[in-house]
Amino acid sequence: MEDLKSKIVSTTNLDDLETLRVTIFGKKGVLAAEFAKLKDIAPEKKRDFAKELNETKAALTEVFEKQKAKLEAAALEEKLAKEVIDVSLFGYEATKGSLHPVKATMDKIIDYFTALNFSVESGPLVENDFTNFEALNLPKNHPAREMQDTFFLGDGQLLRTHTSPVQIRTMMDRKPPIRMIAPGAVFRRDYDLTHTPMFHQVEGLVVDKRGVVSFANLKAILTDFLHYMFGDVEVRFRPSFFPFTEPSTEVDISCIFCEGEGCRVCSHTGWLEVLGSGVVDPNVFKAVGYEDVSGYAFGLGVERFAMLLHRVPDLRSMFEGDIRLLEQFR
Ligand code: DAH
């Protein structure tokens, strides 16, 4: 009995204790063997024998349960110690993506015009001579074609040099009134600090019955648009030339770097050119078969806007996909 007790108390894990339990309390265990002796014992001694045996069993059970509780507690303790989380370890940082500054700028421009009920149109990147030039009052051999260094693809096809052909396609497709913008990629043979062979433009066109829209509307909407984009800047309309508009103006804002004082970015003029625009030339309406209408149009380079808004000095960096540049725009 004392021997069994000390065996129980000296177990060090639950498996050993379980083996011991079977040896002592099991069907073929020590206690069962003792109880089996009862039938051979003289009747007058049976009672005392059974009583003693039951006491022994109760005592062993108590020791066993105590030991079991002790070992279970120790096992749990050990498990908890093993599973402890070291909060001082470095975790994995979830990286946050961001919109490319050109895309973000494009979205901002589109938001402005869609809020004013402009539709968003698109056209093919591979254009033909008619839609890219001819219908925009740029006949063959017209010197203004020189302004746009074209990638010719042969068979009269070319990569569009501006988004203005989407004006033509939309007007050929649809009756007036028209109130549209056309954002998208354009291509020119150019590569330096401020030019890349592919860049993005947003073209705008508003057409209605003759006399409904005027240069005054153009001036008002573009002034408001530039305030929306650049905040509190001065806006000026400067006479210029585009074959598809007459009169034509280029639109400048006061330099956002020097606030009009004159600096390297604005070539010491105090002004930054940001838009081309004008009243649609009658020859353009003639090319698409529109009559008795008037309208205005404008076009802008999205990268130029993005560069000014984010003060990026080299346009080419916008297309190098350097993650370190993009991370700055999160
Ligand atoms: N298409 C011109 C360009 O690529 C931009 C432009 C200027 C578009 C004046 C217009 C406009 O619609 O009226 O440089």
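**A colleague's note on the sheet and the ligand site**

1. Helices (H or I, at least four residues) and strands (E, at least two) are DSSP runs here, numbered from the N terminus, and two strands pair if DSSP finds at least two bridges between them. Within this pairing, M180 stands opposite L205 in β6.

2. A word on the source before going on. This is a predicted model, in which local features need pLDDT of at least 70 and side-chain atom pairs count only at pLDDT 80 or more, while totals for chains, interfaces and linings use all residues. Residues are numbered from 1 along each chain as its sequence is written, and side-chain values use heavy atoms, with hydrogens and water left out.

3. Now the whole sheet. It is open, has seven strands in the order β1-β5-β6-β10-β9-β8-β7, and its pairing is mixed. At the edges are β1 (119–120) and β7 (235–242), each of which pairs on one side only. As a reminder, strands of a sheet pair through backbone hydrogen bonds, either parallel or antiparallel.

4. The β1 end is worth a look. Strand β1 runs parallel to β5 (residues 178–187), and two bridges join them; here V120 stands opposite I181 in β5. Nine of the 10 residues of β5 are buried, so this strand is largely enclosed by the rest of the structure. Buried means under 20% relative accessible area, exposed over 50%, and partly exposed in between (1.4 Å probe, protein chains only).

5. What about β9 and its two partners? Strand β8 (residues 245–254) pairs with β9 in the antiparallel sense over eight bridges, and β9 is joined to β10 by four bridges, again antiparallel. Eight of the 10 residues of β9 are buried, so β9 is largely enclosed by the rest of the structure.

6. On to the ligand, which 16 residues surround; the closest are H162, S164, R188, Q201 and E203. A residue is near a molecule if one of its heavy atoms lies within 4 Å of it. An N or O atom in the side chain of H162 is 3.0 Å from a nitrogen atom of the ligand. On the oxygen side, a polar side-chain atom of Q167 lies 3.4 Å from a ligand oxygen, and an N or O atom in the side chain of E203 is 2.5 Å from an oxygen atom of the ligand. The cut-off for such a polar contact is a pair of N or O atoms within 3.5 Å; within protein, one must be able to donate a hydrogen and the other to accept it, and residues adjacent in sequence count only if both atoms are side-chain atoms.

7. How much of the ligand does the protein cover? The figure is 91% of the 350 Å² of accessible area that the ligand has on its own. Accessible areas come from the Shrake-Rupley method with a 1.4 Å probe; for residues, only the protein chains shown count as cover. The elements giving two or more residues to the shell are β6 (198–209), β9 (271–280) and β10 (293–301).

8. D281 is placed in the loop between β9 and α9 (282–288) and counts as buried at 12% relative accessibility. Leaving aside neighbours within four places in sequence, D281 is in contact (heavy atoms within 4.5 Å) with N137, P243, F244, T245 and E246. The C-alpha atoms of D281 and E246 are separated by 5.1 Å, although the two residues are 35 apart along the chain. A polar atom of the D281 side chain also lies 2.8 Å from the backbone nitrogen of N283.

9. Most residues other than glycine have a negative phi, and most peptide bonds are trans. The peptide bond from E246 to P247 is cis, with omega near 0°, and P247 is in strand β8. Another cis bond runs from P176 to P177, with omega near 5°; P177 is in the loop between α7 and β5. N137, not a glycine, has a positive phi of about 65° and is buried, with a relative accessible area of 19%. N117 has a positive phi of about 75° and is exposed, at 63% relative accessible area.
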